[in-house]
Amino acid sequence: MTGHVDGNVLAGPLSELFRFDPTTASARCASCGDVSVLARAMVYVEDHGLIVRCCTCDDVLMIVVQEPEGSSIDLTGMSWLRVRRP
Ligand SMILES: [Zn+2]
């Protein structure tokens with residue numbers, strides 16, 4: 001690795017990643033290693049947001065918080081998220 005570029009280089013790859021139907025994306029649970037589409041996850045609607053749990057081990061995969069100023073997503077429960085091209 002010889003150097004770096006600024007974060008603007010992410011515009012292309014991330015715009016592709018964030019315009020998909022998220023329920024069809026596959027996620028790997030960081031806790032148990034299960035790989036499933038997000039549509040199979042168990043979602044709990046709480047006052048502060050959506051708690052998304054692994055359908056195999058029940059650990060938290062993702063937390064989605066929607067506030068007037070914007071939305072936040074905590075993905076620390078996933079090893080990765082895979083979006084397939086159509
Ligand atoms: Zn799991």
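Tutor: pLDDT is the predictor's confidence in each residue, from 0 to 100. This is a predicted model, in which local features need pLDDT of at least 70 and side-chain atom pairs count only at pLDDT 80 or more, while totals for chains, interfaces and linings use all residues. Residues are numbered from 1 along each chain as its sequence is written.

Student: What pLDDT does the protein average?

Tutor: The average is 89, and 99% of the residues score at least 70.

Student: Which elements have the lowest and the highest mean pLDDT?

Tutor: Elements are helices (H or I, at least four residues) and strands (E, at least two), taken as DSSP runs and numbered from the N terminus. Helix α1, residues 11-17, has the lowest mean pLDDT of the elements, at 76. Strand β1, residues 26-29, has the highest, at 96.

Student: How many helices and strands does the protein have?

Tutor: There is 1 helix, and there are 7 strands. From the N terminus on, the order of the elements is α-β-β-β-β-β-β-β.

Student: What is the order of the strands in the sheet of 4?

Tutor: The order is β3-β4-β5-β6, in an open sheet with antiparallel pairing. Two strands pair if DSSP finds at least two bridges between them. β3 (42-46) and β6 (70-74) stand at the edges with a single partner strand each, so one side of each has no neighbour in the sheet. The twist from one strand to the next averages 15°; for such angles, axes are lines fitted to C-alpha atoms (for helices over the stretch in contact), and the angles run from 0 to 180 degrees between N-to-C directions.

Student: How many bridges join β3 to β4?

Tutor: The antiparallel strands β3 and β4 (residues 49-53) are joined by 5 bridges. V45 stands opposite L50 in β4. These two strands form a hairpin with 2 residues between them.

Student: And what about β4 and β5?

Tutor: They also run antiparallel, joined by 4 bridges. V52 has M62 in β5 as its bridge partner. The hairpin of β4 and β5 has 6 residues between the strands, and D58 in this hairpin takes a positive phi near 75°.

Student: How many bridges are there between β5 and β6?

Tutor: β5, residues 60-67, pairs with β6 over 5 bridges in the antiparallel sense. The bridge partner of V65 is S72 in β6, and that of V64 is I73 in β6. The hairpin that joins β5 to β6 passes through 2 residues.

Student: How many of the 5 residues in β6 are buried?

Tutor: The count is 0, and β6 is hardly covered. A residue is buried if 20 or more other C-beta atoms lie within 10 Å of its own, exposed if 12 or fewer, and partly exposed in between, with C-beta atoms placed from the backbone. Of the 86 residues in the protein, 7% are buried.

Student: Back to V45: why does this residue count as exposed?

Tutor: V45 counts as exposed because it has 7 C-beta neighbours inside 10 Å. The residue lies in strand β3. V45 and V64 are 19 residues apart in sequence, with their C-alpha atoms 9.8 Å apart in space.

Student: A new topic, please. What is the order of the sheet of 3 strands?

Tutor: This open sheet has the order β2-β1-β7, with antiparallel pairing. Its edge strands, β2 (35-37) and β7 (78-82), each pair on one side only. Neighbouring strands of this sheet are turned by 25° against each other on average, direction ignored. β1 and β2 pair over 3 bridges in the antiparallel sense, with A27 opposite S36 in β2.

Student: Which residues make up the largest nonpolar core?

Tutor: A27, C29, V52, C54, L61 and M62 are the 6 residues of this core. β1 and β5 are the elements that give two or more residues to this core. A nonpolar core is a set of buried Ala, Val, Leu, Ile, Met, Phe, Trp, Tyr and Cys residues joined through C-beta atoms within 7 Å.

Student: Which residues does C29 touch?

Tutor: Not counting residues up to four places away in sequence, C29 touches D34, C54, T56, C57, D59, L61, G77 and M78. Two residues are in contact if their C-beta atoms, placed from the backbone, lie within 7 Å.
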